[in-house]
Amino acid sequence: MSGFFDGRLASSCPRPGNRPRIRAVPGHKVLIVDDEAGVRFGLRGFLVTNGYSVEEAATCAEAEAGFRASRPDAAILDYQLPDGNALDLLPLLKKIDPTVPLLILTGHGSIDLAVRAIKEGAEHFLTKPVELPALLVMLQRMFDNQRTRRHQLAGRARDQRAVADPFLGTSPAIRELAEQARRVLASDSPVLIQGETGAGKGVLARWLHSNGPRADEAFVDLNCAGLAREFLDSELFGHEKGAFTGAVAVKPGLLEAAHRGTVFLDEIGDMELQVQPKLLKVLEEKQFRRMGSITDRHVDVRLISSTHQDLQQRIQSGAFRGDLYFRIGALPLLVPPLRLRRNDVPLLARALLTTIAADLGRRDLALSAEAESALCAYDWPGNIRELRNVLERAVLLSDHTQLTGADLRFEFAGVSRGLGPAADLTLEELERQHIQRVLADEGGHVARTAARLGIPRSSLYSRLRKFQIDVDK
C-alpha cells in the first residue's frame with residue numbers, strides 16, 4: 001500500500017479547507033482492479049468520500065466478470081495482476097463496452113509500456129505513486145471526454161435518422177398540439193401524453209426527446225401494460241444478484257440506462273400499483289433502489305409518460321395513485337384521434353405509403369382520388385396505427401402502383417358508414433369484438449393476433465384481461 005500512495009493518503013484525504021475543487025458527479029461508478037486489498041481500501045475510501053460509487057476486483061477474471069455485471073463508468077487497473085496484466089485485460093473490457101474509459105496504474109512505468117497501453121485502448125497511463133487529488137482531476141477529465149464523444153456519436157446518429165413528425169397535417173387540432181408541445185420542449189418537468197390507442201403518443205414522445213435539451217442522451221422506453229410487478233420492477237429499477245429466483249447476475253435498470261436522458265413509460269395507466277410509489281420517489285428525490293439492494297442510486301432523467309386510460313377514473317377505482325398522477329401530469333398533452341382531423345388523412349396516408357414502399361422495396365406507389373375519399377370517410381377507431389395497417393395490407397395484396405378504393409379493407413366499416421348494430425356500440429365494445437374476431441381467425445394464437453393488430457403481445461394480454469377474454473395459446 002505504501003508503494004502506491006507513497007505516504008500521501010493521509011494528507012490527500014479531503015478535510016475541511018483541503019477538499020479538491022473538482023467534484024465527482026453523483027452516480028458515477030468506478031471499478032478498482034488491484035490485487036492488494038490495502039490499495040483497494042484506500043482508493044475506495046477516497047473515491048466514495050468524493051461522491052463516487054465503487055466496485056472492486058483483485059484479478060483479471062474478477063475484473064472481466066465485474067465489468068460485465070456492473071457496467072462501471074470508468075475502471076482503474078493495476079498493471080500487474082495475479083493472472084495476467086492490464087494489457088491482457090484491456091481488449092476484453094473494450095469488447096464488452098468500448099465507451100468506458102480505462103486508466104492504468106503501474107509501479108514500473110516506461111514510455112514503451114505507456115504507448116502499448118494507449119494503443120490497446122487505455123485512456124491514461126500513470127506511474128505510482130499517484131497523488132489522489134490528481135487522480136480525481138483525471139477521472140473527471142475522462143468523464144468529460146467520454147461525454148463529449150457520446151454527444152458526437154449521438155449527434156451523428158440523429159443526423160442519419162429521420163425523427164417522425166407527430167404534427168403532420170393542417171387541422172386545428174394538430175396545430176394546437178404542435179403549439180403546446182413546443183411550449184413544453186425545453187422544460188425538464190414530466191410530460192403526460194394522453195390519447196387513444198394508435199393516435200401517435202409514442203411518436204410525440206420521441207419528438208419531444210429528439211428536439212429537447214437531452215437530445216444527445218439516451219431515450220429509453222418501456223410499455224407498462226401487461227407486465228407483472230416483478231418484471232416491471234426489474235426492468236425499470238434493475239436488480240442485484242440473488243434478488244429473486246433467476247437473478248443470476250446484477251442487472252442495471254432502464255432508469256440507469258437513461259441517466260441524463262429520457263425515460264418514456266408507455267401506458268403508465270396500466271402500471272402495477274405496487275411499483276408506483278418507487279416511481280414517485282424517483283420523481284421527487286431522483287433516487288431509487290435496485291431490487292434486492294439497500295443502496296440508493298442517484299439518477300437524472302426526464303419522464304415522459306402516456307396513457308389511453310382515464311386516470312381520474314383509475315384513481316377513483318384505487319388502481320392509480322393520486323399523488324403520482326399530480327407528479328406526472330404537470331405538463332399534459334392530448335393527441336387528437338384521427339376522426340377529429342379527417343382533412344389530415346390524405347397527407348398522413350401519403351407519408352405512410354412512402355415509408356411502406358421503402359420497407360417493402362416498392363416504388364412509385366400512389367393513392368387514387370377514390371382511395372383518398374374512402375380513407376377520409378372512415379372513422380379510424382384504431383387511429384394512425386390502423387391507417388398504416390390498412391395501407392400495408394393493400395400494398396401487399398395489390399400488384400399495381402396506384403391503390404384504389406377496392407384495394408382498401410376496413411375492419412370497422414360499419415362505424416364510419418353508420419350501418420348495422422356496430423353504429424350503436426362503444427369504442428371499447430368494438431375493440432373487444434375486433435380482438436375476439438382476429439383471435440378466432442388466428443386459432444387463439446396470441447402472438448399472431450398481436451402481429452395482425454399491430455400491437456405488442458404485452459398490450460394484447462392487457463386487453464385480454466381487461467375484456468375477460470380467455471386464451472390458451
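This is a predicted model: local features need pLDDT of at least 70, side-chain atom pairs count only at pLDDT 80 or more; totals for chains, interfaces and linings use all residues.
View 1. Cys 60 counts as buried, at 9% relative accessibility. Cys 224 is also buried, with a relative accessible area of 0%. Both values fall under the 20% limit for buried residues.

View 2. Helix 15 covers residues 345–360, and helix 17 covers residues 383–397. Their axes lie 10 Å apart. The packing angle is about 50 degrees. The two helices are therefore oblique to each other. Their crossing is right-handed. On the helix 15 side, the contact is made by Leu 348, Ala 349, Leu 352, Leu 353, Thr 355, Ile 356, Asp 359 and Leu 360. Helix 17 contributes Ile 384, Leu 387, Arg 388, Leu 391, Glu 392, Val 395 and Leu 396. By class, the residues of this contact divide into 11 nonpolar, 1 polar and 3 charged.

**View 3. Helix 20 meets helix 21.** Helix 20 runs over residues 446–453, and helix 21 over residues 457–466. The two axes come within 9 Å. They cross at roughly 100 degrees. That makes helix 20 roughly perpendicular to helix 21. From helix 20, the contact takes in Val 446, Ala 447, Thr 449, Ala 450 and Leu 453. From helix 21, the contact takes in Arg 457, Leu 460, Tyr 461 and Leu 464. These residues divide into 7 nonpolar, 1 polar and 1 charged.

**View 4. Gln 468 follows helix 21.** Gln 468 lies in the segment after helix 21. This residue is exposed, with a relative accessible area of 69%. That value is over the 50% limit for exposed residues. Gln 468 is not a glycine, yet its phi is positive, at about 55 degrees.

**View 5. Lys 286 sits in a loop.** The loop holding Lys 286 runs between helix 12 (276–285) and strand 13. Lys 286 has a positive phi of about 55 degrees, although it is not a glycine. At 36% relative accessibility, Lys 286 counts as partly exposed.

**View 6. Phe 288 is buried in strand 13.** Strand 13 spans residues 287–288, and Phe 288 is part of it. The relative accessible area of Phe 288 is 2%, so this residue is buried. Leaving aside residues up to four places away in sequence, Phe 288 touches Phe 237, Leu 255, Glu 256, Val 282, Thr 295, Asp 296, Arg 297 and Val 299. The C-alpha atoms of Phe 288 and His 298 are separated by 6.9 Å. These two residues are 10 residues apart along the chain.

**View 7. Arg 40 is a buried residue of helix 3.** Helix 3 covers residues 37–49 and includes Arg 40. Arg 40 counts as buried, at 14% relative accessibility. Its contacts, not counting residues up to four places away in sequence, are Ile 32, Asp 34, Asp 35, Glu 56, Ala 57 and Ala 58.

**View 8. Phe 410 is a buried loop residue.** Phe 410 lies in the loop between strand 18 (402–403) and helix 18 (413–417). With a relative accessible area of 14%, Phe 410 is buried. The C-alpha atoms of Phe 410 and Glu 386 are separated by 8.9 Å. Along the chain, Phe 410 and Glu 386 are 24 residues apart.

Terms used:
Residues are numbered from 1 along each chain as its sequence is written. Side-chain values use heavy atoms; hydrogens and water are left out. Axes are lines fitted to C-alpha atoms, for helices over the stretch in contact, and angles run from 0 to 180 degrees between N-to-C directions. Helices (H or I, at least four residues) and strands (E, at least two) are DSSP runs, numbered from the N terminus. Angles under 35 degrees count as roughly parallel, over 145 as roughly antiparallel, 65 to 115 as roughly perpendicular and the rest as oblique. A crossing is left-handed if the near helix is turned anticlockwise from the far one by less than a right angle, and right-handed if clockwise. Contact means heavy atoms within 4.5 Å. Ala, Val, Leu, Ile, Met, Phe, Trp, Tyr, Cys and Pro count as nonpolar, Asp, Glu, Lys and Arg as charged, and the others, Gly among them, as polar. Buried means under 20% relative accessible area, exposed over 50%, partly exposed in between (1.4 Å probe, protein chains only).
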